[in-house]
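I opened a new notebook page for this structure.

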Amino acid sequence: MKERPIQRRFRGSETMDGAGVRLTRLFGFGDTRPFDPFLLLDAFGSDDPDEYSAGFPWHPHRGIETVTYMLEGTVRHGDSLGSGGVIGPGDLQWMTAGSGIIHEEMPQPSPRGVHGLQLWVNLPASEKMTDPAYRGVEAAAVPRVPCEGGEVLVLAGRFGATEGALRGIARDPLYLDVHLEGQGRLELEIPSGHTVFAYLYRGGLARAGLESRGDSGPVTAGECLLFGSGDSVRAEAGESGARFVLASALPLREPVAWRGPIVMNTMEELDLAFREYREGSFIKRR
């Protein structure tokens with residue numbers, strides 16, 4: 001197997017989104033071609049309710065999937081189709097916006113704060129106008145598979161012989177939450193044509209992929225790694241252990257027209273989406 005090198009190693013930018021939620025945007029907007037089909041990754045939340053309680057009030061999406069993974073605290077959600085509920089610690093929600101949905105996501109006050117990740121995944125042109133859908137999984141239903149000095153939570157895709165909690169997703173992506181004890185190791189085979197990135201949200205990695213472009217030294221919490229070509233990824237935790245998410249999927253290699261919460265393939269499609277939103281015909285009833 002050819003081990004993948006680190007192509008990029010970076011930290012995100014602190015910003016505010018929604019009605020005033022403090023978050024770190026690891027990547028998103030601008031040139032996202034290196035992450036294709038992934039569009040955006042936000043690490044949101046805080047221990048201070050003033051920095052998250054305003055939430056993400058009603059807003060539209062079309063042409064993408066949003067993946068919310070809670071680490072601490074809860075988020076209440078609702079949408080224009082009448083769906084609603086609460087996402088708690090360790091829970092996962094994979095929302096296919098498809099032809100259009102209007103929803104809200106409101107973090108709830110918690111003594112341990114609210115912390116989570118939201119990933120945006122692009123939909124292929126042939127599926128951008130598919131019917132909206134939700135796939136929600138509670139923490140207890142996520143498979144946990146032992147690895148060398150730790151365990152892997154299989155959120156989506158397949159790890160070894162274990163199928164992930166979320167199934168039937170466009171492009172069949174891999175999404176893992178990896179927990180390693182000190183000096184724990186993970187070696188993972190991934191098809192050579194797939195995009196792969198990892199985000200370390202706790203602890204440190206003594207090693208992650210092959211060093212390249214002068215990158216060296218341990219990877220610390222808050223860093224994101226984009227891996228280059230190869231067919232395997234290897235990571236080794238430092239003394240304090242490590243927790244990170246890893247995502248992989250086959251690129252779409254399609255044009256992207258993106259404005260705010262809507263991602264289409266052409267500017268004409270994008271203009272139509274916003275015109276329909278203004279005129280009240282955004283939601284497609286079938």
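I worked on a predicted model, where local features need pLDDT of at least 70, side-chain atom pairs count only at pLDDT 80 or more, and totals for chains, interfaces and linings use all residues. Residues are numbered from 1 along each chain as its sequence is written, and side-chain values use heavy atoms, with hydrogens and water left out.

I looked up the largest pocket and found a volume of about 330 Å³. A pocket here is an open set of points on a 1 Å grid over the protein atoms alone, where a 1.4 Å probe fits, with protein on both sides within 12 Å along at least five of seven lines; lining residues have an atom within 4 Å of a point. The volume is the space filled by probe spheres set on the points, which are joined across faces, edges and corners.

I noted 21 lining residues, with Asp 17, Phe 56, His 59, Gln 118 and Trp 120 nearest the centre of this largest pocket. Strand E5 gives the largest share of that lining, four residues. Strands (E) are DSSP runs of at least two residues, numbered from the N terminus.

Then I turned to the second largest pocket, with about 290 Å³ of space. Its lining has 16 residues, and Thr 24, Ala 43, His 115, Tyr 199 and Tyr 201 lie nearest its centre.

Sheet. I traced an open, antiparallel sheet of four strands in the order E5-E10-E7-E8. Its edge strands are E5 and E8 (84–87). Strands pair if DSSP finds at least two bridges between them. E7 (residues 74–79) and E10 pair over six bridges. I found Gly 78 opposite Glu 104 in E10.
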